[in-house]
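Please keep the structure in view while reading.

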Amino acid sequence: MGSEDEIRGSDSDHGGWSAKVGWVPAAGAALKQNVTDILESGQHTYGPWIQELETRWAAIHDAGFDGVAVNSGTDALRLALLAMKERYGITMAVVPAATFTATAAAVLQAGLRLELTDVSLADYNLNVDRLPPAIPNTRSVVIPVHMYGNEVTGLQIDQMRAKGYLVLEDCCETINNPLRGDAAAYSLYACHHIPAGVGGMVIANDKRLLELIQSYANHGRSSEWPSDRFNFVRVGYSSRMTEIQAAMANHGLDNIKKSLKRRKEIVKFYNNNLPTENLILPRSIESDTHMMYPILLRRNSRGITRDQLCSALLMKGVETRPMPSLVGNPVWKGWDNLHINNLLGNRFPNANTIAENGFYIGCHPGLTPEDCEQIVDLFKEVMK
Ligand SMILES: Cc1ncc(COP(=O)(O)O)c(C=O)c1O
């Protein structure tokens, strides 16, 4: 690895080639036709595409009732929390300290007390062993996040329940694992497994909870809607999905098996070929769905920082992003002081490690086998 000046360089040298972190498949003729039909039909919300999506989403995740389509993963989390607050009386939520900001923001938006807990470096998910038992006489929810598509297993969710928590799964970076928590929230944002521009889904096995989520997403209307159109029974949001988003999502679902298979092949190739002297590569188990490929730079690896390495890769055309961690983000400063573990000294050592040394690259089906070989070669070159 060269000096910082050499790393930054003055010109990029990738000759136009680039390996992007995210990818959105081009719309095929069938989707284009369906979008045209929707535009011409005049039915832009609450139509057949949304109905189909809500039914399919529940079916692929083994949920007992149709899901609820909303306008983002953040809405899915926030509205599920508001419904859990009304239905089960929750007052606080515990969130992993290394997740995308929206997991924690949704808690505050729902008017709940927010607590953070550390993650594990084995899978970058909430570390169940470090999760303190729920505070007695307080109804609490824990929000495990399936980071990068790394499955939070059924066993881990059972352990969270045994500690006294309700469980809302943040599945915004995954798809396809069966529902095991009390509810699960998904994102259909561009570059996620099922991109619909923006969008979100919620599933649960409690019909009343789903009715509440539907009501919160639609201005607080009563569940008698649409027959009782102007009967508002709670303060709600305007969080509905459009038929166009739902058509995009349904087309994505048609190809999901193929796309997950390709992601797995890419991860296997990276895991077998990327240099490991200075890099910690991610685990891969059968049920992981690999939204991104997270890498941890080993501490003290020849003095290179994560940011220097990422700049060097970018110069060669390989895009990276820092692994998200709440630790170190201005908006979440201070939450470390409130933590329920606050007698334990450095409360989030792993979230700190991720904030300093974690980054990810793409592992999406838009990458060809040649792209993947080139990525591996470039890693070897810049890590020399
Ligand atoms: C873990 C996690 N939670 C929540 C969200 C929020 O989803 P959206 O951007 O659809 O609101 C994201 C989005 O990337 C995410 O990665």
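A residue is called buried if 20 or more other C-beta atoms lie within 10 Å of its own, exposed if 12 or fewer, and partly exposed in between. The model discussed here is predicted.

Most residues other than glycine have a negative phi. Is D62 buried or exposed? Its count of C-beta neighbours inside 10 Å is 12, and D62 therefore counts as exposed.

H290 is likewise not a glycine, and its phi is positive at about 55 degrees. This residue belongs to the loop between strand 8 and strand 9. H290 is buried, because 25 other C-beta atoms lie within 10 Å.

## Division into domains

Into which domains is the protein chain divided? Domain 1 covers 4–25 + 256–382, and domain 2 covers 29–254. The centres of the two domains, taken over C-alpha atoms, are separated by 26 Å. Domain 1 contributes 36 residues to the contact, and domain 2 contributes 34 residues.

On the side of domain 1 that touches domain 2, the elements giving two or more residues are helix 9 (256–273), strand 9, helix 11 (335–338) and helix 12 (349–357). Helix 12 gives the most to this side, with 5 residues. By class, the residues on this side of domain 1 divide into 23 nonpolar, 10 polar and 3 charged.

## The largest nonpolar core

In soluble globular proteins, nonpolar side chains tend to be buried together. In this model, the largest nonpolar core has 105 residues. The residues with the most contacts inside this core are L79, A80, L81, M84, A185, V202 and I213. Helix 4 (residues 73–88) gives the most to the core, with 8 residues. Domain 1 and domain 2 both give residues to the core, so it lies between them.

I213 illustrates how residues from separate parts of the sequence come into contact. Leaving aside residues up to four places away in sequence, I213 touches V68, L79, A80, A83 and V202.

## Strands and their pairing

Strand 2 (residues 92–96) and strand 3 (residues 113–117) pair in the parallel sense, over 5 bridges. The bridge partner of M92 in strand 3 is R113, and that of V94 is E115.

Another group of 4 strands forms an open sheet in the order 8-9-11-10, with antiparallel pairing. Which strands stand at the edges of this sheet? They are strand 8 (279–280) and strand 10 (321–322); each has a single partner strand, so one side of each is left without a neighbour in the sheet. Strand 9 (residues 293–297) and strand 11 (residues 358–361) run antiparallel and are joined by 4 bridges. Within this pair, Y293 has I361 in strand 11 as its bridge partner.

## The surroundings of the ligand

How many residues surround the ligand? There are 14, and the closest are S72, G73, T74, C172 and S187. Helix 4 and helix 5 (101–109) are the elements that give two or more residues to the shell around the ligand. The shell consists of 5 nonpolar, 7 polar and 2 charged residues.

## A buried glutamate

E243 is placed in helix 8 (residues 243–254). E243 is buried, because 24 other C-beta atoms lie within 10 Å. The residues that E243 touches, not counting those up to four places away in sequence, are I38, Q43, H44, T45, G47, W49 and I50.

How many residues apart along the chain are E243 and L39? They are 204 residues apart, and their C-alpha atoms are separated by 9.1 Å.

Conventions: Residues numbered from 1 in each chain as written. Predicted model: local features only at pLDDT ≥ 70, side-chain atom pairs only at ≥ 80, totals over all residues. Core = buried A, V, L, I, M, F, W, Y, C linked by C-beta atoms within 7 Å. Domains from an automatic or database assignment. Contact = placed C-beta atoms within 7 Å. Pairing = 2+ DSSP bridges. Near = placed C-beta within 6 Å. Nonpolar A, V, L, I, M, F, W, Y, C, P; charged D, E, K, R; others polar.
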